[in-house]
Amino acid sequence: MAAVSILTLALLIISVILVLSISANLGLKFIQDKIDIRVYFKSDVEETRIMAFRSEIQKYKEVKSADYVSKNKALDDFKAANAGKPDILKAIDAVDENPLLASVNIKAVNPEQYDIITKSVENSTFKDDIASINYQQYKLVIDRFNSTIKTIRKTGAFLFILFSLIAILITFNVIRMTIFNHGTEIEIMRLVGASNNFIRLPFVFEGVIYGCCAAVIAVILLFPIVKIVTPYIIGSAYVKVIEADFLRYLVFIFIAQLFVGTALGIISSLLAIRRYLKI
Amino acid sequence: MIEFKNVKKIYSGALNAVALDDVSFRIEKSEFVSFVGHSGAGKSTILKLIYAEEKPTSGEVLFNGENITKITSRNMPYHRRRIGTVFQDYKLLAKKTVFENVAFALEVSGHTNKEIQENVPQILDIVGLGNKAESYPHEISGGEKQRVAIARALVHRPALIIADEPTGNLDPISAWGIIQLLLKINSLGTTVILATHDKEIVNNIKKRVITLDQGRIIRDHSKGRYAI
């Protein structure tokens, strides 16, 4: 059926947009969680001094958390991270003293605040104790994500409006034909005093049924489409995350499709009824 | 029961055809009135104005004192249920049986199954089709089809039956049978308005005849004859 297939197309477009923007948002959050500032202290700085730094930095309203990583903890982490590489482990054992530095890992409330935090750390009274500040530059990735999300939303909204209009037009036409085909029936209903809603309702239902069918078909088609399309847009690194989340959002997407599909169907029927069903 | 006050009806279009020109008359309750005249004289227009299919260009149409030219589309179904309509082309649903065709009129106005099961057979007996309830329209004769249409018109127990050329497609014997049925319905107290151009039928009815010509009433006799 023309009406159902074009409605399906419109719904597919809106759901692909939904999936992509949800996934892109999740990917963004996933990256943002990994960003932090590491402040390394010179090896002769006392632990109490570092703790003083930590408690001061925690007072900033931009700071979400500040975790202290001691020299020993850093060594353990390092060993754990290189567990499969005996050369490195041997080399580190060969050094008498723990070569790693103690650090404080700072996470900001908002990714835009890392610059400010870095600057204030650099200018603080602790600046002579600090060996180095390591700010992981994820800015590029984040910017890429943000612009991807914006593009998805813009082109998506445009395509959705375009296809919704086409879908409404085609469904409108199909329902118009149904109204013409039932001319005698409608005439008789009017003559024997059927209430206006009794006459109109079947045609509204027709629109609703088209919308629901389209939603079901669209949700079935959606899974393979998302699987094929996502890697090209977001990069294969995040596909695993997205697939997991996609399943979680499937119910939500299906409800959205049902809602939009039914709405498009009803709009089409009401337009056709208004225009062609004389009561 | 029905009153036309200076009703004028012009069908707008290229020709602006004048269908009714300053028509006034009254029809009392339980009357049997025949409208006669040539095609295009305005018979059907008068009937359409009564069941509010058309609105007059000017003038008033009163039904039980109520001006039906001002009826809202919301109240239209209730107006239509007070009137039974019968047409030359029967207007039956081909895919429904005789019983279902009659029941349809009750279904669309929200009657219960029980009411339908009680009423429809009664009405079919009145029109003499008690034994054809399960037949389809294509299986019965023209006269029988028109009886089904009359049964459907009667099922709401309307105060008025409007019959627009009900015998137009029937042979003289079936036609007279339909007219007798309408007379019987009238004798039970229902007002009947008949539009026809069948001279013989009109002369045999011996009831009120209103003659129309080019949208005007040219004659209105209480025991009328067809004379144009």
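This is a predicted model: local features need pLDDT of at least 70, side-chain atom pairs count only at pLDDT 80 or more; totals for chains, interfaces and linings use all residues.
I count two residues as in contact if their C-beta atoms, placed from the backbone, lie within 7 Å. Residues are numbered from 1 along each chain as its sequence is written, and chains are lettered from A, with ligands numbered from 1, in the order in which they are written.

**Entry 1: cores**

I looked up A:Ala10 with the contact criterion above. Leaving aside residues up to four places away in sequence, A:Ala10 touches A:Phe160, A:Phe163, A:Ser164, A:Ala167 and A:Leu264. I then turned to the nonpolar cores, each a set of buried Ala, Val, Leu, Ile, Met, Phe, Trp, Tyr and Cys residues joined through C-beta atoms within 7 Å. Here a residue is buried if 20 or more other C-beta atoms lie within 10 Å of its own, exposed if 12 or fewer, and partly exposed in between, with C-beta atoms placed from the backbone.

The largest nonpolar core has 110 residues, and the members that touch the most others are A:Leu7, A:Ala10, B:Val102, B:Ala151, B:Ile161, B:Ile162 and B:Leu182. Helix α1 (residues 2-34) of chain A gives the most to this core, with 13 residues. I take helices (H or I, at least four residues) and strands (E, at least two) as DSSP runs, numbered from the N terminus. Apart from this core lies another, of 15 residues, among them A:Ile50, A:Ile57, A:Tyr114 and A:Val121. I note the general background: in soluble globular proteins, nonpolar side chains tend to be buried together.

**Entry 2: domains of chain A**

I checked the domain bounds, which come from an automatic or database domain assignment. Domain 1 of chain A covers 2-30 + 141-276, and domain 2 covers 36-135. Taken over C-alpha atoms, the centres of the two domains are 51 Å apart.

**Entry 3: the sheet of chain A**

I call two strands paired if DSSP finds at least two bridges between them. In chain A I find an open sheet of 4 strands in the order β2-β3-β1-β4, with antiparallel pairing. Its edge strands are β2 (63-69) and β4 (130-135), each pairing on one side only. Direction ignored, neighbouring strands of this sheet are turned by 15° against each other on average. For angles, axes are lines fitted to C-alpha atoms, for helices over the stretch in contact, and values run from 0 to 180 degrees between N-to-C directions.

β2(A) pairs with strand β3 (residues 103-108) of chain A in the antiparallel sense over 6 bridges. In this pair, A:Asp67 stands opposite A:Asn105 of β3(A). Helix α5 (residues 114-122) of chain A lies across β1 (37-41), β2, β3 and β4 of chain A, running at about 175° to β4(A).

**Entry 4: the sheet of chain B**

Chain B holds an open sheet of 6 strands in the order β6-β7-β8-β3-β9-β10, with mixed pairing. β6 (83-87) and β10 (216-221) of chain B each have a single partner strand, so one side of each is left without a neighbour in the sheet.

B:Thr211 stands opposite B:Arg219 in β10(B), and B:Ile210 stands opposite B:Asp220. β9(B) and β10(B) form a hairpin with 2 residues between them, and B:Gln214 in the turn has a positive phi of about 50°.

**Entry 5: helix α3 of chain B**

Which residues of α3(B) are buried? I list B:Val98, B:Phe99, B:Asn101, B:Val102, B:Ala103, B:Phe104, B:Ala105 and B:Leu106. This helix (residues 98-107) is mostly covered, with 8 of its 10 residues buried. Its cover includes α4 (113-126) and α5 of chain B.

B:Asp125 is found in helix α4 of chain B. I record B:Asp125 as partly exposed because 13 other C-beta atoms lie within 10 Å.

**Entry 6: contact between the chains**

The contact takes 14 residues from chain A and 15 residues from chain B. On the side of chain A that touches chain B, α7 (183-191) and α8 (196-234) of chain A each supply at least two residues. α7(A) gives the most to that side, with 7 residues.
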